[in-house]
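This report walks through selected features of one protein chain. Please keep the sequence and the structure in view while reading.

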Amino acid sequence: MFCNQSRFDLPTRVITLEQFRALVRAPRTVKLVSEARAALANGDKALYDRKKRQLPLMVFIGTFEESEKEVENKKTGEKRTVKGCWRVQSHVCLNGLVVADYDHLEGDVREIWAKAFEKLSDDDKARIVLVYVTPSADAGVGNLIDNQLDFSAKLGLPLDESCKDASRGAFMTTAEDIISINEEKLFAYENKAFAEKYNAEYRAGNSGATKTAAVARKDDLQRSGTVSKVDVQEVVDDDTIDTSWNGQDIQPICDAWSAQRFGGGHNVSRHEASVVLARDLYIMYDRDQRKTLKALLAQPWVQAIIQERGEDVERTVSNAAAYVAAQESENAKKGKPWLPKISKEMKAVLAEVGDTQGSGTSVTSQATSQMSQTPCDAEDIYGQLPLDKWAEELQEMAEVYPCMKELFLNAHPRFRVRRCSAH
């Protein structure tokens with residue numbers, strides 16, 4: 001037995017097989033998935049997020065007991081306390097299912113899954129009830145994250161550990177996107193021994209790995225990458241970490257960013273917001289994970305999801321660093337220049353707070369940062385032109401017309417500094 005949440009401002013409810021089938025086959029679901037994918041293909045992450053958040057949200061790992069939550073009417077500002085089975089870890093009732101999330105897989109996902117699936121033993125294959133992946137848990141292996149790490153190692157796939165807590169939902173997609181499903185087992189599965197062993201731990205906010213083998217695998221996975229994970233407590237306790245940016249206090253910038261991000265409505269995922277803000281801060285801080293983590297932890301809404309469901313913020317920062325490194329590496333293999341770009345929200349915020357880079361297209365490195373801090377000569381016409389915007393357009397055109405790359409050879413010094421900063 002598991003549940004779904006139709007809107008973030010409504011409690012969860014137990015879902016039946018008939019309701020599940022109706023949701024994944026509904027024309028509205030098909031339309032939203034199509035629009036979300038089109039938005040992502042066009043590079044419009046904000047629109048993609050809005051469409052995705054309207055999809056059915058499933059909580060496959062269990063249900064929730066009744067609790068109270070303060071709900072605000074976005075139109076009137078009126079707040080009221082509502083009783084219901086809210087999606088909060090402190091009231092979770094585990095069923096023994098585990099959701100493992102695998103992001104950033106390149107190539108044909110069905111082929112990748114087919115190859116990974118063949119690596120499993122017959123017993124492990126029988127444990128899988130839904131792909132889009134939900135392997136049933138084994139209390140002998142450990143808790144949710146222990147099972148996720150164990151199964152990921154067997155599959156040979158990189159795990160997104162942000163799903164380790166017991167209140168995370170999974171946005172459902174269309175019936176055509178389901179690779180395989182065991183409906184009978186998915187809807188009837190109930191592992192009471194698993195619930196008895198781990199309910200209390202998760203309700204107390206403890207969702208970290210418990211088994212030595214799982215911890216070892218987690219360490220191995222981190223060591224195998226190029227990005228290290230920063231320790232939260234070490235960063236919190238270190239008063240020498242200066243989170244100012246270009247001489248400005250970062251908090252007003254983050255406050256303005258948060259107001260813009262959350263001001264559009266109630267269906268805004270705080271986890272998704274933390275991912276985007278982490279990437280922005282990581283790029284702005286010239287790839288300094290410690291500064292990024294400290295600034296992210298200072299946000300009240302980030303602290304709220306840590307308290308509610310044990311959000312793994314250090315993992316979010318590590319993933320931001322890994323994303324930038326992966327994008328840079330992939331483009332380097334193709335011989336393409338690539339500059340990390342901050343989000344549209346952050347660009348708008350920096351423009352509002354008077355940042356000298358507000359009209360630019362990216363914030364890339366110390367060389368760029370130093371350039372932005374140098375006042376433009378009033379007599380220098382180049383200082384009054386949108387060189388950053390033109391630079392990006394020229395680089396994109398050069399991929400289609402290679403002869404245009406010669407334009408970069410005699411570029412203005414200000415342009416050359418920005419372009420070289422990516423290497």
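This is a predicted model: local features need pLDDT of at least 70, side-chain atom pairs count only at pLDDT 80 or more; totals for chains, interfaces and linings use all residues.

The pairing of β9 with strand β3 (residues 57–59) is antiparallel and consists of 2 bridges. Within this pairing, M58 stands opposite A170 of β9.

## The chain as a whole

The sheet belongs to a chain with 19 helices and 10 strands. Of the 423 residues in the chain, 46% count as buried. When contacts between residues at least 6 apart in sequence are considered, 73% of them join residues that are at least 24 apart.

## Helices α12 and α13

Helix α12 (residues 270–284) and helix α13 (residues 289–297) have axes that come within 9 Å of each other and cross at roughly 140°. Angles over 145 degrees would count as roughly antiparallel, and the two helices α12 and α13 are therefore described as oblique to each other. The crossing of α12 and α13 is right-handed.

On the side of α12, the contact is made by S274, L277, A278, L281 and Y282, while α13 contributes Q289, T292, A295 and L296. By residue class, the contact of α12 with α13 comprises 6 nonpolar and 3 polar residues, with no charged residue taking part.

## S274, a buried residue of α12

S274, which has its place in helix α12, has a relative accessible area of 3% and is therefore buried, since the cut-off for that class is under 20%. Apart from its neighbours within four places in sequence, S274 is in contact with L296, W301, E311 and T316. One of these partners, L296, is also among the residues through which α13 makes its contact with α12.

## K336, a loop residue

K336 is found in the loop that lies between α15 (313–333) and α16 (344–352). Its relative accessibility is 37%, and K336 therefore counts as partly exposed, a class that lies between the limits of 20% and 50%. Although K336 and E396 are 60 residues apart along the chain, their C-alpha atoms are separated by 9.6 Å.

Definitions and conventions: Residues are numbered from 1 along each chain as its sequence is written. Side-chain values use heavy atoms; hydrogens and water are left out. Axes are lines fitted to C-alpha atoms, for helices over the stretch in contact, and angles run from 0 to 180 degrees between N-to-C directions. Helices (H or I, at least four residues) and strands (E, at least two) are DSSP runs, numbered from the N terminus. Angles under 35 degrees count as roughly parallel, over 145 as roughly antiparallel, 65 to 115 as roughly perpendicular and the rest as oblique. A crossing is left-handed if the near helix is turned anticlockwise from the far one by less than a right angle, and right-handed if clockwise. Contact means heavy atoms within 4.5 Å. Ala, Val, Leu, Ile, Met, Phe, Trp, Tyr, Cys and Pro count as nonpolar, Asp, Glu, Lys and Arg as charged, and the others, Gly among them, as polar. Two strands pair if DSSP finds at least two bridges between them. Buried means under 20% relative accessible area, exposed over 50%, partly exposed in between (1.4 Å probe, protein chains only).
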